[in-house]
Amino acid sequence: MLHSLNAALSLAVIERATLWMNHVLAGEPVATQRLKPHAGRSIRLHFVGWPAVLPPLRPAAFRVTPAGLLEWCGDDAGADPAALTVNVDASNPALAFAQALTGERPKVDISGDAAFAADLNWLADNLRWDYEDDLARVVGPVPARELARLASGAARGLRELVRSLGARAAPNTPGADAGSGAAGPARS
């Protein structure tokens, strides 16, 4: 029972995440233009160090479409070799989630096609979700601006909280500040 519930929930989350990623990509034509040359190539995500007490996470794979969007490969994830493999440090899911909310990138190790990795890194550095614009379509521009302002303040506070907790959690770790959230080198 628990296994089937976990599988259904995982499927729903990955499908919604794929729709959201494509919504963000489609909002910036330069993003889809950067991905179009990589049509047909796939990206495989592995979550390294995932705690054994939590339900297991399967690797996720996405393929770039001819339109420059992403499609989830589903159960076909292992069928063809990935052009890019991304190993994500998932040893502390709560911290990783908090960092994601504040815009920090998790520690990753990337291997595969260097040009593809460079374009994905550019997207990670430059692509942002215009949630204020999406809100304005629902509630109007003035309430959306105020909600965005409140969310921005909350994000700043959360960022400071995560930084202070991170500093307390790893005060003796060499280079704890440097390289946190930085992507690893791409290997061809």
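Analyst: Buried means under 20% relative accessible area, exposed over 50%, partly exposed in between (1.4 Å probe, protein chains only). The model is predicted, so local features need pLDDT of at least 70 and side-chain atom pairs 80 or more, while totals for chains, interfaces and linings use all residues. Residues are numbered from 1 along each chain as its sequence is written, and side-chain values use heavy atoms, without hydrogens and water.

User: How many residues apart in sequence are the parts tied together by Asp 119 and Arg 34?
Analyst: The two side chains form a salt bridge at 3.0 Å, N to O. Asp 119 belongs to helix α4 (residues 114-126) and Arg 34 to helix α2 (residues 29-35), so the separation of the parts they tie together is 85 residues.

User: Of this pair, what is the relative accessible area of Asp 119?
Analyst: Arg 34 is partly exposed at 27%. Asp 119 counts as buried, since its relative accessible area is 15%.

User: In which loop does the salt-bridge partner of Arg 41 lie?
Analyst: Arg 41 pairs with Asp 113, the closest N and O atoms being 3.8 Å apart. Arg 41 is partly exposed at 30%, and Asp 113 is partly exposed at 26%. Arg 41 sits in the loop between α2 and β1 (42-48), so the pair ties together parts 72 residues apart in sequence, with Asp 113 in the loop between β5 and α4.

User: Which strands stand at the edges of the sheet?
Analyst: Strands are DSSP runs (E, at least two residues; helices are H or I, at least four), numbered from the N terminus, and two strands pair if DSSP finds at least two bridges between them. Five strands form an open sheet with mixed pairing, in the order β3-β2-β1-β4-β5. Each edge strand has a single partner, so one of its sides has no neighbour in the sheet; these strands are β3 (70-72) and β5 (108-112).

User: What is the bridge partner of Phe 62 in β3?
Analyst: Strand β2 (residues 60-64) runs antiparallel to β3, and three bridges join them. In β3, Phe 62 is partnered by Trp 72.

User: What share of the protein's residues is buried?
Analyst: The protein has six helices and five strands. Of its 188 residues, the buried share is 23%.

Note on methods:
Salt bridge = Lys/Arg side-chain N within 4 Å of Asp/Glu carboxyl O.
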